[in-house]
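Take a look at the model below.

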Amino acid sequence: MGKKLLLQNIDVPGINTYEVYRKTGGYKSVEKVLEQKNPDAIVEEVKKSGLRGRGGAGFPTGMKWSFLAKPEGVARYLVCNADESEPGTFKDRYLMEKIPHLLIEGMITSSYALGANTSFIYIRGEYFYVLRILEKAIKEAYENGWLGKNIKGSGYNLDLYVQVGAGAYICGEETALLESLEGKRGNPRIKPPFPAVAGLYGCPTVVNNVETIAAVVPIVNDGGDAYAAVGVERSTGTKLISASGHINKPGVYEIEMGVPVEEFIYSDEYCGGIKNGKKLKAVVAGGSSVPILPADLILKTAAGNPRLMTYESLADGGFATGTMLGSGGFIVMDETTSIVKNLWNFSRFYHHESCGQCSPCREGTGWMEKILHKILHGHGTIKDIDLLWDIQSKIEGKTICPLGDAAAWPVASAIRHFRKEFEEYVNNPESIQDVKHYFNVHNVAEA
Amino acid sequence: MKNIEFSEETLKTIREIINRYPEGKHKSALIPILHIAQSEFEGWLSPEAMSYVAEILNIEPVEVFEVASFYSMFNLKPVGKCVIEVCHTSSCWLMGAEDVINHIGKRLGIKPGQTTSDGLFTLKTVECLGSCGTAPMLMVGADFYENLTLEKVDTLIDACKSSGKSSSYLVDKMLG
Ligand SMILES: Cc1cc2nc3c(=O)[nH]c(=O)nc-3n(C[C@H](O)[C@H](O)[C@H](O)COP(=O)(O)O)c2cc1C
Ligand code: SF4
Ligand code: FES
């Protein structure tokens, strides 16, 4: 059994309630920081821990915190990103639903470190029942003096609110999230200025993922060094992995960074192998946006070393033979899966979710979806495959926010590793039983 | 069509929400209020409902429309009593979402985006709802129905029909 730093008490009955959470050592990190009265020391511990943002980009959290501007007399905000809409990712929901006080404790400790007196948890609208769980937990935290004015006599004030979204993948992007929180359309902002300087209401703001904020609790309790001792290389601590697709045991797993991918897929402690005794075909390891890898390359790097569940090892080989840890949305596909059909589904998703501000993303995602639809239905040509490659290469890096890249990478990697399959659809459509008309391409009302 | 007006109690909740934000930043309350409006006014946002919300926040109706039209959870056309929202993204897609959608569509005689002529059901396809480990899944109101089989879907549709269980079930939850 690997070490757990977040979910070790998840099976304790009643852990979602304040009483039980507190009895298992909950809110100790808040007591500790209020006693020490040294916010900068918390930032130092987070730096030492090597914690990297768990929302997808993996940016060092301590460094992000130290960039926060602190002009005199201006409010600062901490905003927790609980939008979790990267396809294949459901770990934040699991954490918030099962152990909501862990997030709240992390929010209080982190807000204190950053000097924020009002903080928000932005949660996607579809997680409505989780919003209610969080609100109940927040109420308990207020009633027990962990939130509000003069927390535990320390002189520190903090109000914590949950803000609800309304269905838009793009609102997971931090500046789109801030726009949405301000009551606007979720159009990403042009950076700079970065949120650390001008974020919510133009004030200095830190945006962090749910899991990142939760990880601050063990870091404060046991110290940054203890956290950094878990894991390997620059991938310290533990990571929540959302495992789904053709596996025997889908679910959320807290792993020590460094578990071999092969062990993660096949051992009974984790995914328990491929469903129905089938063979592994491909994995999307970090949420729908990251490059897809075929079985041989996800289990071993191009150099033949075992691939590990870490930022570095998953990225080994760059985009030619590697991928990314991303949000930890681990989607497994068995040998019966049609890569073309699934890529079309991803492309449909990105087209639907493009906010439309940048032409390469707005037009490119729609174009890619159309071509894939054509290929899928047996009307494609070899030229279409090349065109697809060309289009994706013209989106990447040319847009305001990384959604453009996120739409391009799956296309690039699918063609790179599975070109033969695309050619099969083009040259031999009769042999492909999937060639038929799907009627659920779009909601009629939106078409 | 119900009267477009919130009850005194709902208005109190709305005032509480508005008070969360710093002075002059009350527009932050727009999305939460639109959720409340949608669940109170028959599951969709009519032009009248949007104007009413604009009035409450003292902003232009077009600002409300601009936002309402951006987010997929807001319905800008009337919907059935029971809105079935089926996830058709990555993992649900791998695990048979297509069969679920086709099955519901056939049973109800509608396509995604349409409403049955008796006004009971609307079928919607939606993007990943963060329940991929229990795929395929769908949502009615605020409730997730997971690890779907076609039998489970049939049971759900029958239950909606006989109990009149509707998405406005969300109303109670929306107002806490
Ligand atoms: C299109 C897009 C969607 C994103 N969705 C999410 C999300 O759902 N949750 C999340 O935490 N971060 C998401 N991110 C990353 C955020 O922009 C941001 O990097 C993150 O919230 C920072 O927190 P972290 O440093 O703790 O990871 C998304 C980014 C992009 C470009
Ligand atoms: S890349 Fe796409 S989603 Fe991002 S700002 Fe541009 S159009 Fe919008
Ligand atoms: S793919 Fe359907 S819930 Fe995530």
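Start with helix 6 of chain B, residues 97–108. Its 12 residues should span 16 Å at 1.5 Å a residue, and the end C-alpha atoms are 17 Å apart, which agrees. The expected span is 1.5 Å times one less than the number of residues. Helices (H or I, at least four residues) and strands (E, at least two) are DSSP runs, numbered from the N terminus.

This is a predicted model: local features need pLDDT of at least 70, side-chain atom pairs pLDDT 80 or more, while totals for chains, interfaces and linings use all residues. Residues are numbered from 1 along each chain as written, chains are lettered from A and ligands numbered from 1 in written order, and side-chain values use heavy atoms, without hydrogens and water.

Which residues of helix 6 of chain B are buried? They are Ala97(B), Glu98(B), Val100(B), Ile101(B), Ile104(B), Gly105(B) and Leu108(B). Buried means under 20% relative accessible area, exposed over 50%, partly exposed in between (1.4 Å probe, protein chains only). After the helix comes Gly109(B), with a positive phi near 70°.

Now the rings. Rings of Phe, Tyr and Trp (its six-membered ring) pair if their centres lie within 6.5 Å; planes under 30 degrees apart count as stacked, over 60 as edge-to-face, the rest as tilted. The count is 24 aromatic pairs over all chains. Tyr129(A) and Phe144(B) are edge-to-face, 5.4 Å centre to centre with 75° between planes. This pair crosses between chains, from helix 7 of chain A to strand 4 of chain B.
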